[in-house]
Amino acid sequence: MKMKIEILGDGCSRCDKFYENVLKAVKESGKEAEIVKEMDPQKFTNYGVLSLPALVIDGVLKVSGKVSKVEKIKDWIK
């Protein structure tokens, strides 16, 4: 089953770096995932996100307000 990964952000350089880290983590893990950049402020509110970037995996908020390292992201997508 393919997981859905959403990167919530506003297009800032931190959000772009986080997106790159997520792509690398998914590739290294060998998992199949639908990766979506989400820039809709309403989505941020729906997940209770107050600080960007944020990461949502299969509808569960994993982190917000920091650019997580590749290894940490791989832990979340196991």
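User: Why is Glu38 not counted in a salt bridge?

Analyst: Glu38 is buried yet has no salt bridge, and the nearest side chain of opposite charge, Lys43, is 4.3 Å away. Lys and Arg count as positive and Asp and Glu as negative, while His and the chain ends are not counted. Buried means under 20% relative accessible area, exposed over 50%, and partly exposed in between (1.4 Å probe, protein chains only). This is a predicted model, where local features need pLDDT of at least 70 and side-chain atom pairs count only at pLDDT 80 or more, while totals for chains, interfaces and linings use all residues. Residues are numbered from 1 along each chain as its sequence is written, and side-chain values use heavy atoms, with hydrogens and water left out.

User: What does the side chain of Glu38 reach?

Analyst: The backbone nitrogen of Asp40, at 3.4 Å. A polar contact is a pair of N or O atoms within 3.5 Å; within protein, one must be able to donate a hydrogen and the other to accept it, and residues adjacent in sequence count only if both atoms are side-chain atoms.

User: Why is Phe44 called buried?

Analyst: The relative accessible area of Phe44 is 10%, and the cut-off is under 20%, so Phe44 is buried. Beyond four places in sequence, Phe44 is in contact (heavy atoms within 4.5 Å) with residues including Leu8, Glu38 and Leu52. Phe44 and Leu8 are 36 residues apart in sequence, with their C-alpha atoms 6.8 Å apart.

User: Why does Leu52 count as partly exposed?

Analyst: Leu52 has 22% relative accessibility, which falls between the 20% and 50% limits, so Leu52 is partly exposed. Among the contacts of Leu52 outside four places in sequence are Arg14, Cys15 and Gly65. The C-alpha atoms of Leu52 and Arg14 are 8.4 Å apart, across 38 residues of chain.

User: Is Asn21 buried or exposed?

Analyst: Asn21 is buried, because its relative accessible area is 9%. A polar atom of the Asn21 side chain lies 3.0 Å from the backbone oxygen of Ser68. Asn21 also touches Val67 and Ile73, among others.

User: What makes Lys37 a charge over the face of Tyr19?

Analyst: Lys37 lies at 4.5 Å from the ring centre of Tyr19. The rule asks for NZ of Lys or CZ of Arg within 6 Å of the ring centre and within 35 degrees of the ring normal. Lys37 therefore counts as lying over the face of Tyr19.

Key:
A salt bridge is a side-chain nitrogen of Lys or Arg within 4 Å of a carboxyl oxygen of Asp or Glu.
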